Each structure stands twice: as C-alpha cells, then as structure tokens.
Amino acid sequence: MTARNYREYLAENRLPTIWCPGCGNGIVLKAVAGAFADLGLDRRKTAAVSGIGCWGWADDYLAVNAFHGTHGRALAFATGIKLANPELTVVVLMGDGDGATIGGNHLIHAARRNVDLTAVVVNNYNYGMTGGQYSGTTPRGSITSTSPLGHVEDPFDLCALAAAAGASFVARGSVCGGENLRDLIRRGLEHRGFSFVEAASVCPTHFGRKNGRRTPAEAFRWLRDHSVSRERAAGLSEEELRGKQILGFFADRQSEDYGTRYRKAAEHFRGEGESS
Amino acid sequence: MTKLPPLFTSGNEAIAEGAIAAGASFYAGYPITPSSEIAETAARRLPETGGMYVQMEDELSSMAAIVGASVSGARAFTATSGPGFSLMQENLGMAVMGEIPCVVVNVQRSGPSTGMATKPAQGDVMQARWGTHGDHGIITLAPSSVQDCYDFTIRAFSLADRFRTPVILLADAAVAKLKENVRFRPPEPEEAAQRPLPDCPPEEYRPFAVDPEEKVITPLPPFGSDYIFRITGSMHDETGGQGASPANADRVIRHLAGKIEKNRDAIVRVRRFFLDDAEWAVIAFGCSARSARAAVREARRQGIPAGLLELTTLWPFPDDEVRDVLSRVRGAAVPELNLGQAAGEVRRLNDFGIPVRGISRVDGTLIPPGDILSAIKEARS
Ligand code: SF4
C-alpha cells in the first residue's frame, strides 16, 4: 500500500466539527486520518465504529464505512463487523466514559478475546457531552459537575487496565504530540490482534474550566506538564509520578487473533487442517 | 464430515438447524436456560459450514455483535431467554433504528427477573413489541411445534433481510424443550435469497432512503463492498448523517413503523382449525395453541362448534384475521401463560360486543386442554 494524503480520509463536506474550540478531539481525528493515510488504507475496506459522547461523533467526519452505535458498546459491534468480514480494517473510536466506564466490561473482554481491532480511546477525564460529570478516569480531587466536593474515587489507568486484561498492543499518547499519536495509531492498526491506543486529551469547556484551567491553552499546558515518557518515568519516584500520565508503550507482543485461531480450529475440525 | 441432523429433535436444536439451513453464518450469545442448546448447537454446527460462533461477555454485547456481523453481510442470530432479552433491548433498538436485519430468539421462561429458569411462560409478548424504547415496528413469530421452530427460523431470516429489521422468534420453554419429528427441508429460493445490492452507483447510494409507499426497502450492502456508507442509531437523514430536524425525525419514525404496518400482508400468518362453522373461537399462540387444539378437537367430539385461530405471527398483530373471527362467533377465549397480554389485543379488536375471556396461567405450568374446554362450555351456558 502506498501512503496517501490524510485529507482523503476526511469527509470534508461535513466539517467543521461540532466540537468546542480548543477541544482535543480534532487533533486525534487528524491523527486517525493520518494513520489511515500512512497505511494507504482502501476506504471501502475500512470501518470506523464509534460510541456515544463528543468523540463518538468522530466517525461522521471520516470518509470510510462508519457505524455509530450505542453508548459503551462500540467494541461489541466492531467484534461482529470484523469477525464476519476479516478483510476490513476496523478502528473503534471511544471516549473514557463510553469505552472504559459504561463499556468497561466490553473493553476487558475485547482485550482478552483478541479480535483484530484497534481501539482509539480519547481520555478527557470526564463526560463532556452531557455537561462534564465524572467518569471512570476522573482524577481524585477533581471538580466536575457531579463531584462539586472534589472527586473521592480513584481513576482507572486505562493502559494498565488494557494490558492486564491481555491486550497485546497498548500505548498512550497525548494531544500535545499529534504526530506521535498518529504514529501510535498507525502501529496499532498494523498490529494483528486487539490494540489499544489511549489519547490523553483535554476538555477545556468542562473539565479544564472547572479545575482552574480557564483557556484551551492552559488546558493543553496542564496536560503537557502532567505527562512523562516511560523512559523518564523510570527514573522518578512514586511521589514524583503522582497525578502524572505516562506516555509510551505498555504492551507490544504477538498473539494470534480470535478470527485466525477460530478459523484454524474450524479447518482442523472439518479435516482441512495441516493433517489432511 | 457434516452429519445429517436427526429427525427426532428438540425445538432448540431445530431453531439452530433452521438458522444454518437459512444460511446463517454468525452467532453471538450468552448462555441462558432454557435456550442454551441453541448456542451449543450453533457452536458445533457453524464451524462445519464455514460460519462462526462467539460467546460474548453478556447479552448487551451479544446483540451488538450480531448487529455488527449483519452490517458485514452475514445472516446473524442470537438466542436468549427473559433476563437476557431484557438486556438485549438496548441494541435491538439499534437494529431497529439502523435498519439492520438480524434474528433474535427468545425462549420465554417464567419472570419477572430471574423468575423460574426452567418453567415455561408467555410473558414477553409486550416486551417483544415495546421492550426497546421509542416508536417502531417489529416482527415477531411464535412457533408451536418443533417443525415450526425450524420453519419459522428460516422465515425469520428471510423477513429480516426483506424488511431490514430485527425479527424476534418468540418461542417458549415448552416448545423449545419438546422433542418431535422434524423434516429438515431446504429453504425455498426466496427464503435463501441473498440480500440484494443497490443498483445505483456508489456515490448515489443513500442507506436510509425511504419509499413513502414502503413498497421498496432500500438495500443494505455489506461493509467492504464498493458502497461506503454510515449506519447510525442516532436520528439520521437519508445519507446516515445527522438529521434531527422535526420534519426529518417525523419521517424516520413513521417509516420505522410504516415499513412493517404497510406490509402486513407479506408478514402476518395465522392457522385456522375448524373455524368455518365455529360459534366459539379460541385464539392462541405457542405452547398454549397446542392445548387449544386438543381442547377444540375434544369440543367437536362432544358436538360443540368450537374453532381455533392460531397466531403464528404475533407482531404485527393479526388484526384483520382476529377481527374476522370475532365478527362470526358468539364468544372467544384467549389462553396464554401470562395475565392477558394477547387477550388485551384481541379485546382491542372486539367491535362486536361478544364476550372475550382470558385464560391466564402464571404458575410455571401449562394450560391443560380441559381448562379451555371448560371455559368454552361456561361461555355457552
Ligand atoms: S464538551 Fe469537552 S470534549 Fe466535548 S467537544 Fe467540548 S471541549 Fe470537547
């Protein structure tokens, strides 16, 4: 496949997006389209499956097959889409509330089941679309519209969760480094099996504003200042790492995907395997 | 080697065999009594025919996975019982709104909640119709024999594809666990017909285009073909883009109901026993139709002119067929394993002022033919 221009993968007639000025979603959208372009994907053989939430609109702006499903279930729709047509490249676009809170059970089982999907989870640490309530990744102490006292729960570390559940490719990037994100998503797409890419992002309208970051620029700066690479993190103490996002790879290994394993087992069962 | 299926088999196995005969190539499900043999048969038989089985983490994802597989072009199905059917309502709605064909088998058991897992019931009639939120049409078939389980499953796939809709096969624990002799016939050519592809150029395709007469249902090509399109559970315009204007929303909702309502003739099927000269009618479906048939036969033996209208399509409700029977008899009885869900529909159609008596049973046991016969006799006196 030859590399193409990322704009071929954007439904430019649907732009501008519905997202707020300064939202991180646009950066991730460009990274997804860029990763498609780097791989020169055939748009007819590519499907974007999305959930519900601000980031859940992303599929509307991509010029590939799109499936905009119900809240939290995108991975389950994608499982059927991919297993019934293994020729498709399937990217699953979810937010932290969508993909990791209401959809948390599907996430861990998708990671374990290892269907050849690429999940791109935009983590903005709250439910943006419904007005900024706390999600499963909201940091402790944060103010949201449903944690006015300061959030008392601890958040999920999504990459640690996905890796522990068995995902064979897990990486975290940030909207502060768009090209790096594009690269991580491309590698996730190239990876055979379930791959999980978290894009640490900003929601200036709700999460940023309520937590003292009045402008998008402040929200981005905060995210940058609270991110460390894996390499740098290795030299830091637990105390120094508190409240910081670690960027980099959390898993990258080969493991035969569900569809391939199943088809091999079925061939063997039918007597068409190596033995015949 | 593909073994020929046995001829003496259960309703559950006949459902799975019917699906495979219909060309189903994808099953996603979560085990639940009393439907688990459908999953087990699918897990064994699908790989023999090049299909695929996947056991999901719950019924929410099972329903979602078959919807996804259908969008990739597969004839896809799942099977469950009451508690699982409750969980499937969310993505059943997705299939309705996205107009995605699929078949959902609900082997009804006693409820609500966990209820009695092994006991038959017919309490999900209204849930099949209205379980997912919002206005819409739905197709629901009700088998009363093991042969029906096989035949109606094949028909369910055909109706699903033809009308781009989920179809519910509303079985019950009694029929699903029953063993009878079955003829595993091949599907009729129109039942086996693959989904048509659009005949317009890809750039002109509108996945949600609507014929106001509802005669032509817009074809749904599979993801991966030359047609690139968007499917959505949100309110959409003809292209699948956002379309929340009042005029568009009104058009879409009326279409979701209208494509089923305006095609009743192609969907609704009933069976008539001894109705030509009947003065007393029994109207029943599923396992209760079996009891009703025995009751009517016994009534005839005793010289009582009773007949049976068996509703093999429950939704859309056979309004014309029921009204026709009510117009010609002196009274009707509706036996069912619930507190009157179908009886209410029959009463809605009773423009003739005749007595319509519900015979309800919700104790996890079947209605004996004698109870139905007694009701007919009481009505006469
Ligand atoms: S609410 Fe937050 S996440 Fe949603 S579009 Fe606005 S800034 Fe982005």
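This is a predicted model: local features need pLDDT of at least 70, side-chain atom pairs count only at pLDDT 80 or more; totals for chains, interfaces and linings use all residues.
Residues are numbered from 1 along each chain as its sequence is written, chains are lettered from A and ligands numbered from 1 in the order written, and side-chain values use heavy atoms, without hydrogens and water.

**View 1. An open, mixed sheet of nine strands.** The order runs E7(A)-E8(A)-E5(A)-E6(A)-E4(A)-E3(A)-E1(A)-E2(A)-E10(B). At the edges sit E7 (227-229) of chain A and E10 (230-232) of chain B, each pairing on one side only. Neighbouring strands are turned by 20° against each other on average, direction ignored.

View 2. E7(A) pairs with E8(A) (residues 245-252) in the parallel sense, over three bridges. A:Val228 has A:Ile246 as its bridge partner in E8(A).

**View 3. H1 (residues 11-21) meets H2 (residues 36-45) in chain B.** The two pack at about 40°, axes 8 Å apart; axes are lines fitted to C-alpha atoms, for helices over the stretch in contact, and angles run from 0 to 180 degrees between N-to-C directions. That makes H1(B) oblique to H2(B) (under 35 degrees is roughly parallel, over 145 roughly antiparallel, 65 to 115 roughly perpendicular, the rest oblique). Residues in contact (heavy atoms within 4.5 Å) include B:Ile15 and B:Ile20 of H1(B) and B:Ile38 and B:Arg45 of H2(B).

Definitions and conventions: Helices (H or I, at least four residues) and strands (E, at least two) are DSSP runs, numbered from the N terminus. Two strands pair if DSSP finds at least two bridges between them.
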